[in-house]
Every structure is written in structure tokens, then in C-alpha cells.
Amino acid sequence: MTKPNRRDMFKVGAAAGASMIAASARAAGAPSAPPADNAWSNSLGHGVDSRPYGQPSRFEKNVVRRYIPWLSPTRDADASFTPLQDQPGIITSNGLFFERYHSGRPTINPDQYRLMISGLVRKPLLLTLNDLMRFPSVSHIHFIECPANGATEWPAAQVNSLQLTHGMIGCSVWTGVKLSTLLDEVGVAPDARWIVASGSDGAHMDRSLPLWKCLDDCIIAYGQNGEALRPEQGYPVRLVVPGWQGNVNIKWLRQIEVSKIPAITREETSEYSELLPSGEALGFTWVMDAKSVITFPCPEKPLQGGPGFYEIRGFAWSGRGKVKRVDVSVDGGKTYRPAKLDDPVLSKCLTRFTFPWQWDGKPALIQSRVTDETGYVQPTIVQKHKFWGNDPIYENNSIQTWQILANGKVNNVQLS
Ligand SMILES: Nc1nc2c(c(=O)[nH]1)N[C@H]1C(S)=C(S)[C@@H](COP(=O)(O)O)O[C@H]1N2
Ligand SMILES: [Mo]
């Protein structure tokens with residue numbers, strides 16, 4: 001192999017750089033001097049005692065969770081959405097992680113917090129938060145997605161916003177104790193097959209989970225992205241069930257009961273089962289199937305600066321494991337080319353992808369399509385409708401189409 005000389009590399013870099021710079025940046029011309037001093041360069045800044053708990057720049061004040069006013073009659077039984085259009089990497093900031101409450105967010109004093117592990121066990125436990133923290137711990141990055149993410153988009157493209165069509169997902173570093181460690185400690189009876197996890201909010205939300213999943217990768221989490229769980233996410237303790245529907249990730253966790261059979265609650269049978277066109281109903285749907293979405297450009301982030309180079313960016317994820325590949329189409333799904341996956345690519349975790357695009361300034365239909373490590377390929381909405389019918393609520397993981405207009409604006413559209 002011949003070694004490229006420095007001058008050649010510089011030339012290649014310069015050529016590639018020039019072609020990548022958008023028209024607006026070129027218009028500014030070659031620099032003749034460094035940027036002028038502004039007020040912030042001519043005075044002392046704020047001291048280290050001015051903000052014991054940090055805040056985003058005040059210029060980022062529009063980057064907030066949002067909700068859809070018509071989705072629910074009350075805010076304490078509602079959802080707010082993560083602003084994915086402003087999330088640069090795979091980690092969702094704690095203050096921006098979507099919220100889903102069935103009866104509002106309780107305020108729990110950690111000194112009074114107790115977690116009970118009971119049922120078909122040799123030695124039931126009642127743990128304080130400190131007791132819990134003494135167990136061997138793990139720290140893993142996983143997404144949590146509500147299966148109602150994208151619900152408004154089942155019948156048609158209804159909401160012109162990435163945040164509101166895809167924002168019921170967040171991805172965090174969850175730190176805590178593996179549920180298997182605690183189940184080991186209490187000694188599960190040989191005939192036990194299920195657990196019921198319940199929360200201490202007003203809804204006392206509870207969910208049944210098969211024991212095998214609990215012994216596999218579930219975490220009783222108290223840490224989130226370098227600090228304690230936020231109250232929104234279940235402070236002081238939540239259950240994290242990697243890759244499975246958001247609703248089983250019980251927040252404000254107060255009890256794990258081991259049993260032989262699942263406790264069928266009203267919600268599990270009426271809300272989280274799906275009636276299929278065949279007349280049959282899917283009872284337990286747990287795993288979040290693979291999904292991807294382009295986060296730039298999107299309705300909130302149009303193309304600014306005319307034709308030229310743009311990096312298409314997005315996220316892909318799968319509840320069944322790792323993302324294997326992402327393909328991007330700029331012609332409404334007629335042809336696809338592979339996107340680049342950004343490290344790290346982790347199991348049941350957001351994966352970032354990028355795709356270089358020379359936009360010719362003409363209208364375009366852009367899409368991303370993920371394939372996960374099991375070989376599952378993200379379906380189109382037409383394929384989804386065939387199996388699920390036209391008006392389900394949950395599990396809309398269909399390919400998203402963004403329509404780029406000649407002026408750079410972006411619309412949410414559905415192709416039939
Ligand atoms: N105790 C309790 N746990 C709960 C809920 C709740 O209302 N109460 N909502 C569930 C639902 S439906 C989802 S999608 C996730 C949302 O997690 P997040 O609010 O941290 O985003 O929490 C789940 N855990
Ligand atoms: Mo949910």
C-alpha cells in the first residue's frame with residue numbers, strides 16, 4: 001500500500017469539504033478576521049456558586065417535553081413526548097425523558113420507601129432503599145418505549161411533528177440490581193412461573209411478567225444517567241424490562257410478588273391486547289419490534305440553506321436485540337441504500353445512524369428502514385394494516401415517510 005502524502009490528503013479534504021458546505025455557509029465568504037468580541041467576552045461570567053444544579057442554556061428553552069392536548073382529558077392520566085428532533089446522541093436527557101402517568105406523579109420520601117418481594121418464595125424480603133443499594137449492581141443502556149408511540153398515525157398521517165409521532169421513547173443508562181439477584185436471594189419456589197410487579201402511585205399500576213424474563217435481564221433501577229432516577233421515571237425505584245413494552249416498566253415500584261399464574265388485571269386484558277381483523281385477539285404482546293426514524297430532517301427541523309450536502313440522521317432500535325442495519329431511501333421507498341451505524345450498537349438500545357445526502361433542491365420522500373439481528377425488517381404502514389387492521393392503538397412500528405418540499409420544509413405523510 002502506498003502511503004498518501006500530506007499534500008494529497010489536504011487536497012482531498014479540501015475538495016470534499018467544499019462540496020459538503022451548504023450554499024448559505026459559502027455565502028458568508030472566506031474569513032478575514034476571528035469573530036468579533038461580544039458582551040460575553042468583555043465581562044466576568046457567572047461563578048461556580050451561581051447554579052448548584054445545572055440547567056440548559058436559556059436559548060434552548062424550546063427544547064421541552066410536549067403533550068397532545070386532545071389525547072387525554074386530564075394531564076395526570078396522559079403522556080408527554082421526548083423532543084427527539086433535539087436529541088443529538090443515543091442518551092435522552094433526564095429532563096426530556098417522556099412521561100406516562102396513569103394517575104399522576106407521586107412524591108416519594110426515600111426514607112419511607114420500602115420494596116417487598118413476596119409470594120412463592122422461601123424467604124420474603126422487605127427492603128429499604130439502602131438495603132437495595134447494598135446488593136451487587138449493574139449499569140446498562142436501554143430504551144423504554146410506550147407501545148402507544150405512533151398511535152395517532154395508525155389511520156393516517158395526523159400529527160406534523162417528529163416529537164409527537166415518535167417521542168414516547170427515551171434511552172438511559174439504568175443502574176440498579178438485577179431482578180435475578182433479588183429473586184436468588186428470596187429463593188423462588190420450583191413451581192413459580194410469573195411475577196406481578198406493582199407501583200405505589202394512586203393507580204397501583206401492576207403488570208404480570210413471566211419468570212424467565214425476570215431472570216434474564218430485568219433491572220430494579222435506582223440510577224438514571226448519572227443521578228438518581230427522576231420522579232417522572234419512578235423515583236426512587238423502577239423496574240426496567242429491556243426491550244419490552246413501556247407499561248411493564250413499573251415505576252415507583254413497591255412490590256414483586258412471585259406466583260404460579262399471571263394476575264390478569266383489567267388493563268392487561270382490555271388495554272394492552274389487540275383485536276385483529278381475523279376476530280382473534282393477541283393476549284400478551286410484550287416485545288417492542290424493531291423501528292427507526294429520521295430525526296433530521298423532520299417537520300421540526302427543515303432543510304435550511306438550499307440544495308447541497310446534508311447529513312440525514314436518525315435512530316433505530318429493536319426490543320429483540322441489536323440493530324443490524326439501517327437503509328435510507330430518498331425516493332419514497334423505491335430504492336434503499338445502507339446508512340452508517342454509529343458506535344456503540346447495543347442490545348435493546350437506541351442506535352444512531354447517518355446517511356450523506358446531496359440534495360438537488362427538488363421535492364423528495366425520505367425514509368429509514370431498520371433490520372435487527374434476528375433478521376426482522378421494519379414494515380411499511382400498508383404491511384402493518386394487513387395484519388393489524390386499520391384502527392389498533394399499539395405497536396405502530398411502521399416506516400416513517402417525511403416529505404421534503406422544494407423550500408426545504410418537511411411534512412409527515414403516509415404512502416399508500
Ligand atoms: N407505577 C406506574 N408505572 C408505570 C406507569 C404508571 O402510570 N404507573 N406507566 C407505564 C407506562 S404505560 C409507560 S409507557 C412507562 C413510561 O415510562 P416513563 O414515564 O419513565 O417514560 O412507565 C410505565 N410504568
Ligand atoms: Mo405506555
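Residue I220 touches L115, L132, G176, V177, L179, L182, V237, R238, L239, L253 and I256, where residues up to four places away in sequence are not counted; a contact here means heavy atoms within 4.5 Å. This is a predicted model, in which local features need pLDDT of at least 70 and side-chain atom pairs count only at pLDDT 80 or more, while totals for chains, interfaces and linings use all residues. Residues are numbered from 1 along each chain as its sequence is written, and side-chain values use heavy atoms, with hydrogens and water left out.

I220 also belongs to the largest nonpolar core, which has 38 residues; L132, I220, L239 and L253 are those with the most contacts inside this core. A nonpolar core is a set of buried Ala, Val, Leu, Ile, Met, Phe, Trp, Tyr and Cys residues joined through side-chain atoms within 4.5 Å. Buried means under 20% relative accessible area, exposed means over 50%, and partly exposed lies in between (1.4 Å probe, protein chains only). Several elements each supply at least two residues of this core, among them strand 3 (115-119), helix 3 (129-134), strand 9 (219-224) and strand 12 (253-259). Helices (H or I, at least four residues) and strands (E, at least two) are DSSP runs, numbered from the N terminus. Helix 5 gives the largest share of the core, namely four residues. A second, separate core of 34 residues includes L84, C171, L303 and A339.

The charged side chains come next. A salt bridge is a side-chain nitrogen of Lys or Arg within 4 Å of a carboxyl oxygen of Asp or Glu, and by this rule the count comes to 17 salt bridges. One of them joins the side chains of K301 and D86 at 2.8 Å, N to O. K301 lies in the loop between strand 15 (291-296) and strand 16 (308-317), and D86 in the loop between strand 1 (79-80) and strand 2 (99-100), so the pair ties together parts that are 215 residues apart in sequence. K301 is partly exposed, with a relative accessible area of 29%, and D86 is partly exposed at 26%.

Another salt bridge links D327 and R325 at 2.7 Å, N to O. Here D327 is buried, at 2% relative accessibility, whereas R325 is partly exposed at 37%. In the salt bridge between K362 and D360, the N to O distance is 3.9 Å. K362 is exposed at 54%, and D360 is exposed at 52%. Finally, salt bridges that share partners join R65, E99, R105 and E232 into one network.

Methods:
Chains lettered and ligands numbered in written order.
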